[in-house]
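Open the model in your viewer and follow the stops below. Keep the selection panel at hand.

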Amino acid sequence: MASLAANSSNEPCSIAKEDEPSNVVVTLEKPLANAVTQPSSYSAFTPPKRVFILAVVTAAGFLGPLAGNIYLPALPVLEREFQVSAAAINATVSVFMAVFGFGPLFWSSYADWKGRRPLYLISLVVYIIANVLLAVLPTNFGALVFLRIVQAFGSSAVVSMGAGTVADITEPKRRARAISYFMLGPQCGPILGPILGGAIVGQTTWRWIFAFLAILAAVLWLVMFLFQPETLRARVGNGKLYSEKSWILWPPTPFSCLAPEPERGPPPPKPTLKGYWRLFTYPPIGIVSVNTAILYSSYFGIAVQLPTALENVYHWNSTKVGAGYVAVGIAMVVGSLAGGRLSDWRRARMVKALGEDMVAPEGRLRDQIGGILLCVAGLVMFGWFVDRAIHPAAVLVSTFLDSGESSSVLATEDERRKLLLQSFTPEEDKQIRRKIDRRFLFLIGMMYIIKTSRIMLTWGIVLACHAAAKNKETLWALRFLLGMCEAGMFPGIAAQLCGWYRSDEMAKPIMWMFGFQNTSGIVGSLLAYGISYMNGLRGMSAWRWVYLLEGLFTILFSGVIYLVLPDWPKSPRTRKWLSEREQDYVEARLSENAPKTADSDFSKEEVIASLKDPRTYAFMLSQVLVNFSGYALSWELPTITTSLGFAGLPRNQLLNIPPSAAAVLAIIFSGWFLKQAYITRPAYTMFCIMGPMLVCFILLAVLKSRVGIYISCVLGNMFYSVYFIPFWAWRTSSLKGTTGAAFTLAFQSCVGQVGGVIGPQLFQSKFAYNGYKTPFAICAGVVGAACLANLWTWWLTRNVEWDVRRIRRLRIKEEKQGRIYADDDVKVYQERQFYKGVTKKGSETNVVGTE
């Protein structure tokens with residue numbers, strides 16, 4: 001194999017065929033066609049090599065915080081050496097932290113420039129040079145400030161790139177633990193830095209602080225130069241180029257060669273100031289950021305004053321001063337662990353008392369109030385204790401109180417959720433969603449079913465009993481019972497799907513439901529045509545055979561439903577086909593308003609909230625009006641085609657196939673189009689469905705050509721059938737909670753069917769003489785009213801729907817780059833404000849605020 005050093009850094013590595021590891025395993029006993037292709041592993045580095053890389057970048061991450069805190073015990077000494085005021089010498093700490101905070105913006109922008117390895121080496125060289133100059137140059141305050149800036153700039157790169165290196169070599173499901181190991185480096189800097197600094201200043205001069213940092217960084221640089229391979233997946237893929245190389249990179253070179261194009265991953269995203277500003281202007285993030293900044297400023301306010309206080313008031317030497325920072329370090333560890341657990345405990349209590357839907361994630365901000373008060377108390381105590389020369393133990397207790405909250409506030413409210421989502425790869429996400437699809441789509445496509453089989457069983461029994469009806473009274477009674485059995489099917493299954501699919505994914509299962517429904521129109525027409533020839537068989541009419549056969553099939557199919565259909569993501573039944581980790585993932589990826597397994601069986605508050613929500617009535621009115629015209633057309637289509645003179649019974653059943661076929665094709669297209677999130681669902685509903693539907697009904701009212709009327713019937717039925725794909729997906733985005741979702745869908749569907757009851761009554765035989773133009777004209781007017789109702793509904797949901805589209809496009813973007821989107825999600829309980837009146841303000845991804 002050619003040496004890595006011999007290759008150009010911008011050219012793919014040449015691997016000799018005899019040295020290239022084979023991805024195909026062939027047994028001699030079987031033909032070559034049976035060869036098994038082995039999928040490439042996430043990382044080709046061996047486990048010991050991955051541990052070594054993690055250890056190296058953890059040590060590198062230790063350097064920056066170490067440099068910032070090892071300096072603190074020497075502040076009084078430096079004040080005397082440089083003959084400047086305490087305020088001036090303290091400013092060198094502020095300058096360091098400011099550059100250390102903003103430095104990663106520069107380094108991250110070049111993360112894909114020849115890989116991470118050269119940036120590690122370059123940044124460490126900058127860091128070493130700054131420390132060497134600080135150790136040897138004469139005491140000049142201007143040089144001290146400048147070199148501290150350079151020192152912070154060099155050390156800031158390794159922290160930002162270290163997490164990226166961990167992600168390069170660690171598969172997502174194990175990444176959270178690896179990140180926690182890596183964070184030990186940056187977290188140990190504030191703990192060990194002052195102790196080491198105090199020990200060095202106490203035994204030698206302050207210059208040895210920087211000499212120690214330079215020596216430590218030089219050793220690390222040498223280790224990286226000789227042993228640290230390139231890991232950036234955009235250059236080396238999974239690292240297969242290094243899999244058969246020795247641990248020592250000889251001859252060493254700062255650059256790596258490129259892996260073949262198919263093996264490389266996507267380049268890392270480049271952060272921008274504009275993107276950070278958008279996040280900062282979102283109130284919860286802005287509040288946390290400002291709060292954290294204030295708390296850190298208070299921490300460093302004490303940190304820079306502590307050595308002066310301990311030396312001048314309590315007459316401690318430098319070594320003891322360094323040991324005094326142990327209380328600060330312990331406080332940061334305890335605060336980080338206790339703060340997160342306390343917040344989780346308080347939220348769990350609130351969820352138990354109020355329900356999941358009534359506890360917003362931003363509520364965790366209140367958990368910081370107590371910590372802030374402790375921080376304030378620590379600051380007041382520190383100033384008072386030092387001023388009155390109270391025992392130094394009291395001073396250290398005050399520093400403990402101040403530092404504890406500074407650490408705990410960094411535990412963000414959705415850290416667990418983000419880590420869980422980021423631990424999955426897009427491939428794992430697709431596998432889980434395919435499992436869910438296999439459990440749901442075929443079943444809900446076959447019949448409108450719910451999570452138990454009881455409705456399907458009773459529905460099948462009642463349907464089969466139709467075959468025994470002897471008079472119209474019996475038939476009416478059975479039809480009434482059939483309607484009662486069927487009433488809960490769609491609301492039940494739709495509410496359950498909300499606990500498995502995100503709102504922006506709901507178009508897919510709904511597409512299957514309505515697609516199969518319209519396919520059943522094709523199959524049903526063919527079966528009805530065939531069963532018509534069974535008329536008189538066994539002394540039964542053809543229509544009795546239709547009811548009997550369909551009822552028996554439904555009864556048998558209810559057993560399949562009971563055995564296969566899932567319950568909820570975290571239910572015991574689901575553990576049979578999803579692991580516990582996958583169950584957690586399914587619920588974590590849902591938006592905040594989705595039904596959860598742990599929700600209460602019934603919540604009166606959610607029912608009342610649904611009844612008070614104007615969106616409930618807006619969607620309901622839209623459904624009533626659309627059903628009025630749509631039902632009238634679809635239910636009376638056979639009668640209409642017969643009256644037009646095309647064919648008589650039973651051959652007119654074949655004329656129902658084109659409307660159903662057109663509807664199925666349109667439904668499939670809608671499912672694909674909505675998945676792309678090109679426009680919002682209300683916009684698609686209005687411009688691509690309601691407008692054309694209105695035109696079709698107007699044509700039905702004015703056309704005289706039989707062919708033109710039939711074509712308009714086909715298109716009108718198609719637009720009516722496809723209307724409910726975006727409509728029900730749109731409806732799910734503003735549902736709230738398990739009870740709220742189930743009640744709202746049932747209530748809306750119940751009232752929505754009123755339109756389906758009234759509409760078909762328009763097509764009476766007395767209007768047949770003119771091709772039912774009077775009923776069609778009435779339906780056209782109702783469709784026009786439905787357009788206005790949909791506009792009202794759009795207005796009420798405009799912010800949530802734009803947010804759904806925005807998040808969907810971000811998810812698509814992350815998926816294309818091989819990542820799982822784990823950042824902010826759709827806000828339903830406190831909507832983001834994207835519109836000012838009817839005018840949208842800001843760019844597509846801008847977060848304007850919340851109500």
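Predicted model: local features only at pLDDT ≥ 70, side-chain atom pairs only at ≥ 80, totals over all residues.

Residues are numbered from 1 along each chain as its sequence is written, and side-chain values use heavy atoms, without hydrogens and water.

Colour by secondary structure. You will see 32 helices and 4 strands (DSSP runs: H or I of at least four residues, E of at least two, numbered from the N terminus). Buried residues make up 49% of the 851 residues (buried: under 20% relative accessible area, 1.4 Å probe, protein chains only).

Next, select Phe 440, Phe 514, Met 690, Met 693, Phe 697 and Phe 776. Of the 85 residues in the largest nonpolar core, these touch the most other members. Such a core is a set of buried Ala, Val, Leu, Ile, Met, Phe, Trp, Tyr and Cys residues joined through side-chain atoms within 4.5 Å. Domain 3 (425–597) and domain 4 (606–820) both contribute, so the core lies between them (bounds from an automatic or database domain assignment).

Now go to helix α32 (residues 798–816) and pick Arg 811. Is Arg 811 buried or exposed? Arg 811 counts as buried, because its relative accessibility is 15%. Beyond its neighbours within four places in sequence, Arg 811 is in contact (heavy atoms within 4.5 Å) with Arg 502, Asp 504, Glu 505, Arg 589 and Tyr 821.

Methods:
Buried < 20%, exposed > 50% of the residue type's maximum accessible area, 1.4 Å probe, protein only.
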